[in-house]
Amino acid sequence: GVRFELLRIEMSRLEQVQEVVKIAFNAIDQDKDGKLSTTEFLAAWEKAGRSEDPMCVFKRTNIKGDGTISWEEFFHSFLEDELDAETVEEADGAVNEMEEDEWTKFLEESKKHLEGFSAESSS
């Protein structure tokens, strides 16, 4: 357990954000094929009780337009929505510039924001 604890402390802020988003992604990805189908996305969206039109969000998130959302697309979309960051580098800079309390608040809010998607999922 000790080694693991040490690793946890050294995780960068962006890696911590990534971990939070990954939990939601994995929860939505019911068939575990590493991408989100419209069916999986719509089911999760409904469960999370979001008001925005899910198909609009799906199309916007599916940057490649191949009808499924990859992990990269999902994470990118989150960074864009939450941090207004165009790239991972920008997002990294944004979270690292935050004051400690601002960062803590951001991470908590991100968890809350994504909780709806990963609620009661059998992992």
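Q: Why is V17 called buried?
A: The model is a predicted one, in which local features need pLDDT of at least 70, side-chain atom pairs count only at pLDDT 80 or more, and totals for chains, interfaces and linings use all residues. Residues are numbered from 1 along each chain as its sequence is written, and side-chain values use heavy atoms, with hydrogens and water left out. A residue is buried under 20% relative accessible area, exposed over 50% and partly exposed in between, with a 1.4 Å probe and protein chains only. V17 has a relative accessible area of 1%, so V17 is buried.

Q: Where is V17 found, and with which residues is V17 in contact beyond its neighbours within four places in sequence?
A: V17 belongs to helix α2; helices are DSSP runs of H or I with at least four residues, strands are runs of E with at least two, and both are numbered from the N terminus. Contact means heavy atoms within 4.5 Å. Leaving aside neighbours within four places in sequence, V17 is in contact with F75, F78, L79, V95, W103, F106 and L107. V17 and F78 lie 61 residues apart in sequence, while their C-alpha atoms are 9.7 Å apart in space.

Q: What makes V21 count as buried?
A: V21 has 0% relative accessibility and therefore counts as buried. V21 is also placed in helix α2. Not counting residues up to four places away in sequence, V21 touches W71, F74, F75, F78 and L114. From V21 to K111 the C-alpha distance is 8.0 Å, at a separation of 90 residues in sequence.

Q: Why is α2 called roughly perpendicular to α6?
A: Two packed helices are described by the angle between their axes and the distance between the axes. Axes are lines fitted to C-alpha atoms, for helices over the stretch in contact, with angles from 0 to 180 degrees between N-to-C directions. Angles under 35 degrees count as roughly parallel, over 145 as roughly antiparallel, 65 to 115 as roughly perpendicular and the rest as oblique. The axes of α2 (residues 13-28) and α6 (residues 88-97) come within 8 Å and cross at roughly 110 degrees. Therefore α2 is roughly perpendicular to α6.

Q: What makes F25 and W71 an edge-to-face aromatic pair?
A: Rings of Phe, Tyr and Trp (its six-membered ring) pair if their centres lie within 6.5 Å; planes under 30 degrees apart count as stacked, over 60 as edge-to-face and the rest as tilted. The structure holds seven aromatic pairs. In the pair of F25 and W71, the centres are 5.6 Å apart and the planes stand at 70 degrees, which is edge-to-face. The pair links distant parts of the chain, with F25 in helix α2 and W71 in helix α5 (residues 71-83), 46 residues apart. F25, W71, F74 and F75 form one aromatic cluster.

Q: Are F25 and W71 buried or exposed?
A: F25 counts as buried, because its relative accessibility is 1%. W71 is buried as well, because its relative accessible area is 12%.

Q: How do you know that K22 lies over the face of W71?
A: A charge sits over a ring if NZ of Lys or CZ of Arg is within 6 Å of the ring centre and within 35 degrees of the ring normal. K22 lies over the face of W71, at 4.4 Å from the ring centre. The charged end of R50 sits over the ring of W45, 5.9 Å from its centre.

Q: Why does K32 count as exposed?
A: K32 counts as exposed because its relative accessibility is 54%. K32 is in the loop between α2 and β1 (35-36). Although not a glycine, K32 has a positive phi of about 55 degrees.
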